[in-house]
Amino acid sequence: SADVVIVAYGTVARVCLSAIEELEKDGIKVAMIRPITLWPFPYEAVREVTSKAKDILVVELSTGQMIEDVRLALHRSRQIHFHFRLGGMLVSPEEVIDKVKAIKAGLSEEVQHA
């Protein structure tokens, strides 16, 4: 089972895949769920993929609109973390790697609301 599950879509998901490959080289188990559509949101798929992970990381090129859907999918209190970029700037694999490592080290605070 994964230590952290990333929820990302579109271009960001491809960036996250690069980050996951690097994290696996460091022995950090990371899985990802990449919704194809956000409406309807794939609640059941998110629930299944995240069922054994302690921490969830939502990565998007927006201000957190997907967080509430992820929270609804989980039905219970789980650690949801968030990383984003705005203004046409793409998230880098290094940023995702740093965020996952911060989560694993207990240095990332859970996002409280979208």
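This is a predicted model: local features need pLDDT of at least 70, side-chain atom pairs count only at pLDDT 80 or more; totals for chains, interfaces and linings use all residues.
Trainee: What order do the elements of the chain run in, from the N terminus on?

Mentor: They run β-α-β-α-β-α-β-α, which gives the chain four helices and four strands.

Trainee: And what radius of gyration does the chain have, next to that of a compact globule?

Mentor: The chain has 13 Å, and because a compact globule with 114 residues would have a radius of gyration near 13 Å, the two agree. Along its principal axes, the C-alpha trace spans about 35 × 35 × 25 Å.

Trainee: How much of the chain is made up of buried residues?

Mentor: Buried residues make up 45% of the 114, and of the contacts with a separation of 6 or more, 72% are accounted for by residues 24 or more positions apart.

Trainee: Switching to α4, how far does that helix reach?

Mentor: Helix α4 covers residues 93–104 and reaches 17 Å from its first C-alpha to its last, close to the 16 Å expected at 1.5 Å a residue.

Trainee: Which residues in α4 are buried, and what do they pack against?

Mentor: E95, V96, I97, K99, V100, A102 and I103 are buried, and the buried residues of α4 pack against the strands β1 (4–7), β2 (30–33), β3 (55–60) and β4 (79–84), as well as against helix α1 (10–25).

Trainee: What happens just after α4?

Mentor: There G106 takes a positive phi of about 75°.

Trainee: Last one, on charge: how many positive and negative side chains are there?

Mentor: The chain has 14 positive and 16 negative side chains, with the centres of the two sets 3 Å apart.

How values were computed
Residues are numbered from 1 along each chain as its sequence is written. Side-chain values use heavy atoms; hydrogens and water are left out. Helices (H or I, at least four residues) and strands (E, at least two) are DSSP runs, numbered from the N terminus. The radius of gyration is taken over C-alpha atoms; the globule rule is 2.2 Å times the number of residues to the power 0.38. Buried means under 20% relative accessible area, exposed over 50%, partly exposed in between (1.4 Å probe, protein chains only). Contact means heavy atoms within 4.5 Å. Lys and Arg count as positive and Asp and Glu as negative; His and the chain ends are not counted. The place of a charge is taken as NZ of Lys, CZ of Arg, CG of Asp or CD of Glu. The expected span of a helix is 1.5 Å times one less than its number of residues.
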